[in-house]
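Keep the picture open while you read.

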Amino acid sequence: MNKITNVTIAGLGGQGVLKASDILTAAVFSSGCDIKKSEVHGMSQRGGSVSSDIRFGAKVLSPMIPRGTADYLVVLTEDQVDNNIDTLREGGTLIKPDTIDSEKLTNKRSINVALLGVLSKHLDIAESCWHEAIRNHLPEKLFDVNIEAFNLGRR
Amino acid sequence: MNTSKKQLLSGNEAIALAAYHWGVKLGTGYPGTPSTEILENFSRLGGKAQWAPNEKVALEVGIGAAYSGARTLVTMKHVGVNVAADPLFTAAYTGVSGGLVLISADDPGMASSQNEQDNRHYARAAGVVMLEPADSQESYDFLIAGLEISEKWKMPVILRLTTRICHSKTIVQPRPCDSPSPEPSYQTDRAMRVMVPANARPAHKKLRQKLSEVALWNETSALNQAISGDKSLGIITSGISFMHALEAAPQAGFLKLGITYPLPIEKIRQFANSYERCVVIEEGDPYLVESIRAAGVMVEGKDEMYRFGELNVERVKRILAKDASPEAILPKGKPPQLCQGCPHRITFEILRDMNCIVSGDIGCYTLGVLPPFSAIDTCLCMGASISVGLGMRHVLDEKQARKIVSVIGDSTFMHSGITGLVEMVYNRPQTGHLVIVLDNNTTAMTGLQEHPGTGYSLDRQSAHQVSIEELSRSLGIEKTYVMDPRKEIESLKERIAECLAGSDPAVIVVRSPCILSVKARKK
Ligand SMILES: Cc1ncc(C[n+]2csc(CCOP(=O)(O)OP(=O)(O)O)c2C)c(N)n1
Ligand code: SF4
């Protein structure tokens, strides 16, 4: 049985949707499964909606998650829930920013990585893969804050 | 060169990597979503890549390199091929010496484009072999195959991508190059290179002959893949549609075409005959289905409603079920806006308050059409702001004519605005005209690329900087002004009013850097 895990990450341009999706994708890739990631961007720098589909499992075909089949929907800002909720399957998990106590975030911009921490609790990916992905996708000087954010979500 | 490790790459990155591994000597193009990252990555890897002022120039530079025997890559978005169509059609006649692959990155669904034209028609119209990959691995492999076909038959090849191929990341296994890139050297061949009618007539016949050879070869090419399945349903498809269709109907038989011009028509006939029902699944126009039917093979197509937008698994299931009922309307996301602090905002506020009729152009500044500005009245294609504005000036009564302003970005000006300026001084409207160049010193829309006016090349080396104001003055436009919208709002307003009241051709270069580019440069 070819069970595919579907994750959508959504938010507004500039919030780090694509960065979060790159980190997740890299973490999954290093764990060894087939993976595809797809997103529509191009005009995202001007604050419009952005979303990214990540699919992984034994063999992934279409890079786009069929409507109503996402296992996880990670949304970086509350007001982007409504226009993305259709992607989630019945019984799927919605991960929203209020899952994180933002008072505890040293850098508010690392909310994307903090929410990946929440997602990581549901996925069978070694912590070392996550750390390596975070290291490879963010500037060195932001590594510690982001690991802290990741751990906050993962707790 | 490490080619052993699997990598997770976008289609664009995979193409850049294949071009680098196969020793492409020159990559040239003009930015355009979704193609832009190909040359940027090729340059990052160490390849020689450059931005041309527009796609016609890019393709001509590429053809020159390929005439000289070099492996060459030329990249552009679908509408760029319209600009480059003139050299393309005749390069099909002349052929090339070095491998030449033209990337056409189409945008079905218009994620970031002004139309969703289907460039597969170009392959047939110009008589150029076309390949269509379905993921990043195939993007890598098909670029190489494209170079091989181009070198073998000495003709340009189109590699047609779509947004989902360009921007999706999938796993790629690279491989070591098994055919070294030839050293460029020019061999005189006037009969094939000088397209006067006496040479072009036989060249056209030669082209058709080469195409029939390719078609014959394509009947057994490994680039077209047959997967047997349940006899009740056979699906003919190509590109990303293959992935959606395989997921939608895993039990079906498939003929996945890698080369979609010229078609392996006998292979298709045989496939169609061995299934009870044979359906063509393709995104965009009914290109495959019409070509296949024209050859007398009866295949099913899709309802007209599926011509619009991208396909996906759900839509393929509907096509297979012959379901043409209205589709669910998906909630719309938030549209993009001009950044807070974007210098373009100031000009649009002024134009709005002056109640101008604005002949606009394409770039970030097209977002001036949205509230609170609502200050763009037309947007057609790159460069059209100046010429469309002139046409309006010529025929409108004086009262309306004096409200017309053409607004164009700096990259767009370099791309195709200059000839509009020449038109303005040559066929000068009675009321004169005003062109505002929004010079933010970058190509912001597509992700901050350099252009001939920025003073830097693609790889951020300093380059000669073309001056917009000097160009304008050299055409005899005395009323050429440069203004800073942040420091001179009042005088900018006055200057615009003065130009609209006068009857001379005028150019105001409104100069202030894109705030995102300033941030990016600081990093
Ligand atoms: C023929 C063609 N080529 C490329 C594009 C993609 N494209 C749209 S606008 C643009 C340039 C925008 O730069 P500029 O005019 O400087 O305006 P800015 O975005 O910086 O405001 C490009 C490359 C296109 N739409 N049409
Ligand atoms: S990216 Fe630059 S040009 Fe585009 S809206 Fe933002 S500031 Fe303006």
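A salt bridge here is a side-chain nitrogen of Lys or Arg within 4 Å of a carboxyl oxygen of Asp or Glu. Before we look at some of them, a word on the ground rules: this is a predicted model, where local features need pLDDT of at least 70, side-chain atom pairs count only at pLDDT 80 or more, and totals for chains, interfaces and linings use all residues. Residues are numbered from 1 along each chain as its sequence is written, chains are lettered from A and ligands numbered from 1 in the order in which they are written, and side-chain values use heavy atoms, with hydrogens and water left out.

Why do such pairs form? Side chains of opposite charge can pair when their charged atoms come close. Take D118(B) and R160(B), whose closest N and O atoms are 3.4 Å apart in a salt bridge. D118(B) sits in the loop between β5 and α6 (120-126) of chain B and R160(B) in strand β7 (residues 157-162) of chain B, so this pair ties together parts 42 residues apart in sequence. (Helices, H or I with at least four residues, and strands, E with at least two, are DSSP runs numbered from the N terminus.) D118(B) is buried at 6% relative accessibility, and R160(B) is buried too, at 7%. Buried means under 20% relative accessible area, exposed over 50%, and partly exposed in between, using a 1.4 Å probe and protein chains only.

Now hop to R521(B), which forms a salt bridge with E450(B), with 2.7 Å between the closest N and O atoms. This pair also links distant parts of the chain: R521(B) is in helix α21 (residues 515-522) of chain B, while E450(B) is in the loop between β16 (433-439) and α19 (468-474) of chain B, 71 residues apart. R521(B) is partly exposed at 39%, whereas E450(B) is buried at 6%.

Next, find V101(B) in strand β5 (residues 100-106) of chain B. With 1% relative accessibility, V101(B) counts as buried. Leaving aside neighbours within four places in sequence, V101(B) is in contact (heavy atoms within 4.5 Å) with several residues, including V74(B), L143(B) and L159(B).

So where do the two chains meet? S168(B) gives us a way in: leaving aside neighbours within four places in sequence, its contacts include K37(A), S38(A) and P63(A). S168(B) is buried, with a relative accessible area of 3%. In total, the contact takes 31 residues from chain A and 40 residues from chain B. The area buried between them is about 3,000 Å², with 62% from carbon and sulfur atoms; buried area is the accessible area (1.4 Å probe) that two parts lose on being put together, summed over both. The rule finds three salt bridges across this interface, and E314(B) and R67(A) meet in a salt bridge at 2.6 Å, N to O.

Last stop: ligand 2, which lies between chains A and B. Which residues come nearest to ligand 2? Of the twelve around it (each with a heavy atom within 4 Å), they are R46(A), C339(B), C342(B), C364(B) and C514(B).
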